[in-house]
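Please read this note with the model open beside it.

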Amino acid sequence: MKQFTSVHDVEDIEALVREALVLKQHPYAHESLGKHKTLGLIFLNPSLRTRLSTQKAAQSLGMNVMVMNMGQEGWALETQDGAIMNGTTVEHIKDAAAVMGEYCDILGMRSFPKLQNVEDDYSEEILQKFIQYANVPFVSLESATRHPLQSLADLITITEHAPKGRRPKVVLTWAPHVKALPQAVPNSFAEWMCAADVDFVITHPEGYELDPQFTNGATITYNQQEALNGADFIYVKNWSTYQPYGQVLTQDASWMLTNQHLANTNNAKVMHCLPVRRNVELSDEILDGPNSLVVQTAANREFAAQAVLRLLLEGLK
Amino acid sequence: MKQFTSVHDVEDIEALVREALVLKQHPYAHESLGKHKTLGLIFLNPSLRTRLSTQKAAQSLGMNVMVMNMGQEGWALETQDGAIMNGTTVEHIKDAAAVMGEYCDILGMRSFPKLQNVEDDYSEEILQKFIQYANVPFVSLESATRHPLQSLADLITITEHAPKGRRPKVVLTWAPHVKALPQAVPNSFAEWMCAADVDFVITHPEGYELDPQFTNGATITYNQQEALNGADFIYVKNWSTYQPYGQVLTQDASWMLTNQHLANTNNAKVMHCLPVRRNVELSDEILDGPNSLVVQTAANREFAAQAVLRLLLEGLK
Amino acid sequence: MKQFTSVHDVEDIEALVREALVLKQHPYAHESLGKHKTLGLIFLNPSLRTRLSTQKAAQSLGMNVMVMNMGQEGWALETQDGAIMNGTTVEHIKDAAAVMGEYCDILGMRSFPKLQNVEDDYSEEILQKFIQYANVPFVSLESATRHPLQSLADLITITEHAPKGRRPKVVLTWAPHVKALPQAVPNSFAEWMCAADVDFVITHPEGYELDPQFTNGATITYNQQEALNGADFIYVKNWSTYQPYGQVLTQDASWMLTNQHLANTNNAKVMHCLPVRRNVELSDEILDGPNSLVVQTAANREFAAQAVLRLLLEGLK
């Protein structure tokens with residue numbers, strides 16, 4: 001594997017999940033694989049889980065890790081080709097990426113969308129230019145439209161807790177939030193679930209339709225109650241609108257997941273990528289109760305990253 | 001040992017000091033003890049000595065270290081139970097701590113007091129919640145009311161320089177400062193000295209009484225000159241008032257330690273935890289003269305941290 | 001070697017370049033040399049290339065590395081001797097340096113000039129005090145007046161691409177910029193080129209004369225076209241004036257290097273230390289064309305740092 005930016009970069013997602021679960025049992029089984037290899041983690045935006053889990057995963061594989069928080073430690077990057085750089089950007093992404101590619105064997109980058117112009121964000125220009133100019137194997141640490149390490153950890157967690165002998169029903173439900181958030185996590189979760197061996201339903205208020213390229217194959221409904229009926233897993237997440245872009249249409253509190261919402265489910269396990277706004281997106285009673293898998297999912301971020309880095313390292317040989 | 005948050009967590013402080021002094025001679029004697037173990041250092045506030053000395057100590061024990069500066073790289077944490085998180089906090093400490101506990105074998109955290117409400121700060125709510133939810137062995141990197149790694153380094157330094165054959169006289173003296181500072185360092189120093197084999201005197205202007213839970217057993221006087229009489233060690237530190245909380249009552253320059261203050265001491269060694277406001281808390285002549293132990297004390301921070309981490313690592317077995 | 005702050009610290013620059021080129025072929029040949037040795041990298045100003053390349057170089061030599069971004073993670077340092085520190089500086093450089101010297105076997109520091117007072121900046125007071133009080137071997141990560149790791153990487157790159165059998169002609173040309181920049185890179189490049197086996201010419205608009213202590217031995221002309229005639233290497237860089245200090249006298253776009261400027265050169269290779277303002281200092285056509293060595297030069301930063309660190313480590317024995 002040369003890059004991990006979406007489910008489409010993965011040849012066999014079931015094998016990748018199995019590999020992650022083996023690494024969870026034997027995290028140091030490949031600790032010499034990364035010897036003399038350097039991973040550079042570039043954050044244009046803040047990170048807690050992604051930074052720590054990826055750093056830990058790389059160290060378990062014997063890699064050196066260099067973390068660069070560009071927002072604080074670096075500088076504003078220019079992304080437009082042909083720009084006359086007489087403004088506030090101090091370096092073109094072409095040059096910064098090419099240089100970082102010289103020092104690192106594998107690079108990861110996080111870059112959030114600006115939520116102002118849908119074409120700009122959905123073109124994934126920053127991600128694509130960075131990959132092109134860095135010219136080394138690449139792992140996305142969340143981009144404008146996807147968060148594949150999160151989605152892989154989600155699928156690992158669902159696999160661990162799935163009912164035996166039948167396909168689980170997985171529901172992605174929109175939840176309220178105080179801010180306009182990207183669609184990266186729901187987009188990515190949707191495309192991984194559509195590729196996985198699950199029954200997948202998406203529910204959200206009218207107007208919150210995701211870009212169909214990510215949801216093709218899913219059942220979509222505005223009726224949350226109907227969607228949750230018989231669910232084995234409920235994935236809770238806020239997002240802002242895709243069309244028109246980046247809007248908050250409602251903060252309807254009835255969409256906040258509470259124990260009441262679990263009534264007609266199959267004693268559903270509840271997931272969220274974190275950070276979560278407690279008592280806005282999900283109630284305390286769920287997050288602190290027996291149905292929550294949020295911490296277990298975050299823990300699986302480490303093994304998702306380790307399985308991906310292992311494939312990227314194998315690809316270096 | 002499962003946590004190091006105060007002197008009360010230490011079974012035998014003399015043995016811990018001896019262990020640190022042995023590590024100072026042989027810092028790599030246990031370099032395989034920390035193999036495959038990860039230390040996470042979480043800073044909610046800035047740090048120089050604590051960050052570098054603890055990082056170095058962990059590396060000498062063979063640990064991996066991940067540093068997270070939450071103020072800059074992370075986000076504002078919610079600490080109130082049951083909060084409806086529709087404001088500026090982006091993650092509850094419950095969730096952040098639980099996740100970091102999944103990635104790390106041992107965690108350390110620094111969290112300063114806000115100096116606004118004494119009950120809030122002295123409840124050590126942030127520290128206690130972090131420990132509870134992280135659910136892994138823990139080392140305080142300074143909390144609202146204590147700085148135990150500093151106090152251990154102080155005691156190591158006093159032990160190294162103590163007069164032979166008799167108990168040393170140790171004086172903690174208040175010093176002026178331009179800002180309202182926490183009581184963590186003097187509280188912590190006081191409770192370690194009260195537990196150690198020394199004669200311990202505290203002196204400060206009227207109104208600067210520390211919380212008696214930390215000073216029980218110490219002689220306390222407003223007369224600095226009397227306190228310093230015959231001193232072997234003088235520990236200089238500013239703090240703001242405990243009751244009423246967080247006030248600056250005086251900046252009386254006569255409390256600034258100068259060579260003149262050493263006249264009736266036993267050629268006292270002078271200590272300070274650093275950073276120090278030169279010519280406000282202590283004069284240049286002392287800091288740059290032969291009686292200063294400030295750099296030696298800072299150097300001992302490394303071995304204080306190493307001795308503590310060693311006990312925490314042994315506790316993992 | 002005990003310190004690397006300028007070309008004057010290097011006994012044999014040709015041998016150092018050869019050593020770097022050997023390390024480029026065999027980066028792990030000395031990976032046990034740095035065992036149990038800690039490198040501290042202190043940044044008072046932002047850094048991308050210097051931080052990553054030096055960190056990588058140290059890791060390849062088996063060192064532990066601790067990075068401290070003082071601007072964000074630390075605090076404002078006092079540099080004036082005898083200061084009464086009742087203002088905004090929280091620690092004197094004397095104390096901070098002495099403490100960091102206790103935790104680290106080798107220290108590096110970056111400190112930019114303020115461009116306000118030429119005597120202050122050109123005294124290199126911060127650098128010299130830091131070295132004095134840290135009291136361990138030191139590597140400059142760019143100071144007020146010099147950037148020697150950059151200059152060494154420049155000379156390595158020129159050596160790699162030099163014509164066989166004759167001295168290359170190397171031209172340093174001023175280029176426009178939107179901001180007032182330090183003279184550290186051109187000063188340093190000039191003094192290395194004056195010491196190297198090259199024909200060296202400097203060209204800039206009237207008023208941009210560098211401090212003669214750095215340019216002694218160079219041919220200096222205001223005529224860029226004449227300077228570029230027959231050049232093998234063109235080093236492009238903006239700087240603000242030395243006398244009167246820190247001014248921007250012109251932004252004359254005719255000084256921006258374009259392919260047209262290469263017409264009468266010896267198919268000159270073009271260099272820049274990066275970050276570069278595209279289409280202000282250099283045109284896209286040059287940076288993206290076959291004559292550019294900017295990425296190759298940045299890549300050589302790693303081996304410049306590794307060669308220097310190796311000498312500093314050998315000096316510890």
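How much area is buried between chain A and chain C, and what share of it do carbon and sulfur atoms give?

1. About 2,800 Å² is buried between chain A and chain C, with 56% of it from carbon and sulfur atoms. Buried area is the accessible area (1.4 Å probe) that two parts lose on being put together, summed over both.

2. Some ground rules. This is a predicted model, in which local features need pLDDT of at least 70 and side-chain atom pairs count only at pLDDT 80 or more, while totals for chains, interfaces and linings use all residues. Residues are numbered from 1 along each chain as its sequence is written, chains are lettered from A and ligands numbered from 1 in the order in which they are written, and side-chain values use heavy atoms, with hydrogens and water left out.

3. Contact here means heavy atoms within 4.5 Å. On that basis 32 residues of chain A touch 30 residues of chain C. Only 6% of the interface residues of chain A are also interface residues in chain C, so the copies meet through different surfaces.

4. Between chain A and chain C there are 3 salt bridges (a side-chain nitrogen of Lys or Arg within 4 Å of a carboxyl oxygen of Asp or Glu). One of them joins Lys94(A) to Asp288(C), with the closest N and O atoms 2.8 Å apart. Helix 4 of chain A gives the most to the side that touches chain C, with 8 residues; helices (H or I, at least four residues) are DSSP runs, numbered from the N terminus.

5. Now the side of chain A that faces chain B. Here 30 residues of chain A are in contact with 32 residues of chain B. Leu48(A), Arg277(A) and Arg278(A) supply 22% of the area that chain A buries against chain B, more than any other three residues.

6. Arg278(A) also forms a salt bridge with Asp95(B), the closest N and O atoms being 2.8 Å apart. The count of salt bridges between chain A and chain B is 3. Among the elements of chain A, helix 2 gives the most to the side that touches chain B, with 7 residues.

Terms used
Helix = DSSP H or I, 4+ residues; strand = E, 2+ residues; numbered from the N terminus.
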